[in-house]
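I opened my notebook to look up a few things in this structure, one part at a time. Come along and check each entry against the picture.

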Amino acid sequence: MQDTIKNLTERFGASNMIEKKPGLIFITIEQSKAISAVTYLRDIEGYTVLTLLTAVDWIEDNVFQLTYLLNNPEQITEIGLRVMIDREKAEMESAHHLWPNVEVYQRELKEMYGINFPGSPRIDENFILEGWNDKPPYRRDFDTKEYAENNFFPRPGRKTNDPAEYMKQKMYPNNPSDYTNKKYNPNR
Amino acid sequence: MDIKKLLTPLTAWGNITKDPVTIKDPLNERPGADRYRGFHRNDVEVCIGCGTCEEICENEAIDMVAIAETKDGDSGLRPMIDYGRCCWCALCVDVCTTNSLSMSNEYTWVTTDPEDFRFVPGVDKKDWDKGDKGWKKPENYEFYSIKRVHMEELSPEERNGSFIEMMKGYSKEQAEKEADRCVECGICTATCPAHMGIPEYIKAIRNDDLEEGLRILYDTNPLPEICGRICTHKCESVCSMGHKGDPISIRWLKRYIADQNPSEKYKKILEVENLQPKDKKVAIIGSGPSGLSAAHYLALMGYQVKIFEKLEKAGGMMRYGIPEYRLPYDQIDKDINYILSLGVEIEYNVNIGTDISLEQLGKDYDAVFSGTGLQLGRSTGIEGSDNEHVYYSTDLLRKIAQGEEIEVAESIVVIGGGNVAMDITRSLARLQKEKYGKIQIITTSLEKEENMPADREEVVEAREEGCVINPGWAPKSIEIKDGIPTGLHVVKCNSLFDGEGRFNPQCDLDVKEFWPGTMIVQSIGQGMDISYITEEMREKLEFGPRGRVQTDEYFQTSLKWLFMGGDIIQGPDVIHGIANGHMAAVGIDRMLNPEK
């Protein structure tokens with residue numbers, strides 16, 4: 001595995017190697033060299049299985065992180081290739097030609113994060129969110145609560161209580177500051 | 001052909017004796033995984049109805065509904081979950097302040113009525129209530145810090161022999177970090193006697209809007225510098241964060257807001273530059289917390305207020321009962337001077353009852369508020385307690401505050417286990433250190449260590465400073481030789497109350513000790529002096545238990561013009577006094593300026 005890492009670093013400029021545990025390594029690679037590196041790992045280094053392809057929204061840094069988790073069934077080792085892509089121009093070279101299941105991952109990422117993979121089969125079709133017309137929901141600036149409020153009406157008969165307000169009604173309905181504020185300080 | 005590849009499939013036979021990982025009868029039994037997030041469980045006895053689960057729920061699936069009794073520290077509300085909206089994310093479980101909420105591994109449930117899918121876990125009984133499989137908040141992971149931000153303090157060595165304030169206050173960074181721990185449930189507000197807007201002012205700290213913070217403080221409490229230091233902080237005892245870790249440092253956060261606002265800006269911030277004066281006059285007896293609070297709210301309402309104070313400075317027990325190292329005089333002055341700047345007059349060195357009679361005040365003013373407090377020391381009544389070198393803590397604390405020299409002995413015994421006993425112990429220790437270079441003071445209480453009425457930190461700090469606190473003893477007698485005490489005889493006190501909860505100390509007379517001391521201080525509570533109420537007036541007033549004058553909810557006595565509050569009615573503590581004074585001001589306004 002050490003040779004593989006050395007080759008990745010020397011040939012593809014990989015950096016920030018993190019060894020999570022023996023046999024599981026994460027390493028970061030530039031966007032332009034990522035698919036070449038994945039191909040190299042598959043064809044030369046024996047990482048023939050794509051365990052998963054996923055993304056993280058680092059909204060503070062304005063990037064999406066793509067992670068290609070590859071498995072070498074002979075060595076029983078895994079390498080996670082991390083690729084940082086611009087959040088504003090969320091687009092990545094497709095890898096569907098390397099493994100057929102990449103197509104599904106890429107459709108999911110398109111729908112959930114809005115990351116496009118031009119040329120990937122059926123990339124513009126709905127994946128699971130039929131009729132979705134809002135921001136991609138896994139983006140961290142997607143406000144789940146606001147979406148729920150706008151799209152789902154509450155069940156009839158639902159009623160809630162604010163704990164502080166409810167305790168006031170029960171325990172001290174006659175509060176002097178209500179009186180002084182209402183009568184003499186209407187601005188407050 | 002690789003022989004290894006040929007043999008590999010045979011290894012599966014190695015599992016023949018192991019338990020299957022698949023489910024035997026999936027049509028009838030399909031248990032969720034051990035950490036599956038299924039239907040909720042709630043331990044409703046542990047739940048305090050803080051509503052944090054409702055607050056975090058992104059799907060608005062939770063309603064807080066009335067289930068249990070509403071009391072201090074428990075809203076009585078419990079979460080009702082709408083499973084038509086729940087997405088089983090378990091944020092509600094992970095954020096739960098008491099860990100009462102968890103999820104079972106049950107996920108299959110069929111009923112024909114959709115309304116059945118809205119229920120209160122733990123109250124509406126379900127099959128999955130028992131059992132412990134399912135999702136629980138993992139250990140060692142919290143959405144918020146369960147440890148409070150430590151406030152810097154002077155070391156015990158620096159504290160000894162000095163009356164400099166020991167707690168240093170929070171920095172901006174510390175205060176904001178501490179404020180960030182608050183979940184804004186508001187459970188504390190009901191327990192605070194003044195019902196301060198605690199979550200609101202903590203939020204103002206988070207938003208770094210300390211002027212708004214000050215306005216929120218003054219809505220309910222006109223003595224924030226003082227309360228920010230010495231309030232008994234009952235709010236912290238019910239703080240929902242206290243169930244898993246340290247309660248929020250509510251008191252220190254209040255102090256932070258008050259400390260950061262300069263006194264010269266108060267009137268502008270609090271929008272009191274154009275008060276509308278009224279032609280009605282109110283007299284206030286005593287400038288303790290209740291009197292000052294009443295004065296403040298009456299002045300806001302435009303009344304002409306005059307305070308009559310027996311001593312030479314204002315503040316009552318806050319100045320004359322609490323040592324300077326806990327509450328510096330300049331901070332008392334900051335709060336009081338602002339109240340006086342609203343046009344409140346104050347006359348010092350006037351004794352109501354001797355210099356002016358209460359009846360006269362009643363005639364000269366439209367209303368009178370009396371908050372004369374508890375200033376008389378209470379005697380143990382034991383043999384030798386009438387000796388002139390046996391003192392009351394209240395007298396000594398007052399003299400120290402007045403700058404009078406007191407004859408500090410080289411060895412001292414203090415009787416009492418409350419905060420006042422700790423105050424006098426630690427004050428005398430400082431004076432001993434100054435005078436003799438060493439501390440020799442022993443303080444005892446009837447209560448055992450775990451039941452001592454003093455705040456825990458007071459006991460700990462007193463010990464850090466070199467005082468001996470030895471609780472669980474009953475004073476027996478004071479040994480006197482040639483007119484001077486030589487020490488205190490004590491016997492072991494086993495219990496304080498009898499089976500029916502009456503005060504009835506049980507002592508083991510065989511376990512006894514003698515503690516040498518040429519100065520004995522009694523600090524076992526205080527009594528009131530209401531000798532200014534004449535016999536004639538007493539007949540018109542109603543008295544309740546322990547000789548307290550009966551008042552209505554506005555602290556109005558049966559003499560309509562006389563209102564009474566503070567320690568003589570409720571308490572004893574500063575924050576009750578403040579709340580009483582505010583309510584009395586409302587009562588006075590309701591009487592003098594009724595709504596048409």
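Before I look at any sheet, I note that two strands pair if DSSP finds at least two bridges between them. I take helices (H or I, at least four residues) and strands (E, at least two) as DSSP runs, numbered from the N terminus.

**Entry: ground rules.** I am working with a predicted model, where local features need pLDDT of at least 70, side-chain atom pairs count only at pLDDT 80 or more, and totals for chains, interfaces and linings use all residues. Residues are numbered from 1 along each chain as its sequence is written, while chains are lettered from A and ligands numbered from 1 in the order in which they are written.

**Entry: confidence.** I looked up pLDDT, the predictor's confidence in each residue, from 0 to 100. Chain B has a mean of 94, and 100% of its residues reach 70 or more. For the complex, the predictor gives an ipTM of 0.90 and a pTM of 0.86.

**Entry: a sheet in chain B.** I found three strands of chain B in an open, antiparallel sheet, ordered β2-β3-β5. Which strands are at the edges? They are β2 and β5 (118–119) of chain B, each pairing on one side only. I counted two bridges between β3(B) and β5(B), in the antiparallel sense. B:Asp82 stands opposite B:Arg118, a residue of β5(B).

**Entry: domains of chain B.** The bounds come from an automatic or database domain assignment. I read off domain 1 (25–129), domain 2 (156–269), domain 3 (281–375 + 527–592) and domain 4 (379–524) in chain B. In chain B, the C-alpha centres of domain 2 and domain 3 are 25 Å apart. Their contact takes 23 residues from domain 2 of chain B and 27 residues from domain 3 of chain B; two residues are in contact if their C-beta atoms, placed from the backbone, lie within 7 Å. On the side of domain 2 of chain B that touches domain 3 of chain B, α9(B) gives the largest share, six residues.

**Entry: where the chains meet.** How many residues does each chain bring to the contact? I note 34 residues from chain B and 29 residues from chain A. Elements that each supply at least two residues to chain B's side include β2 (62–66), β3 (77–82) and α21 (574–592) of chain B. By class, the side of chain B that touches chain A has 12 nonpolar, 11 polar and 11 charged residues. Here Ala, Val, Leu, Ile, Met, Phe, Trp, Tyr, Cys and Pro count as nonpolar, Asp, Glu, Lys and Arg as charged, and the others, Gly among them, as polar.

**Entry: chain A overall.** Chain A has six helices and five strands, running α-β-β-α-β-β-β-α-α-α-α from the N terminus. Its radius of gyration is 25 Å, well over the 16 Å that the globule rule gives for 188 residues, so chain A is more spread out than a compact globule. (The radius is taken over C-alpha atoms, and the rule is 2.2 Å times the number of residues to the power 0.38.) The C-alpha trace of chain A spans about 80 × 35 × 30 Å along its principal axes.

**Entry: one lysine.** A:Lys135 sits in the loop between α3 (102–113) and α4 (144–151) of chain A. Is A:Lys135 buried or exposed? It is exposed, because 12 other C-beta atoms lie within 10 Å; the cut-offs are buried at 20 or more, exposed at 12 or fewer and partly exposed in between, with C-beta atoms placed from the backbone. Leaving aside neighbours within four places in sequence, I see A:Lys135 in contact with A:Asp141 and A:Phe142.
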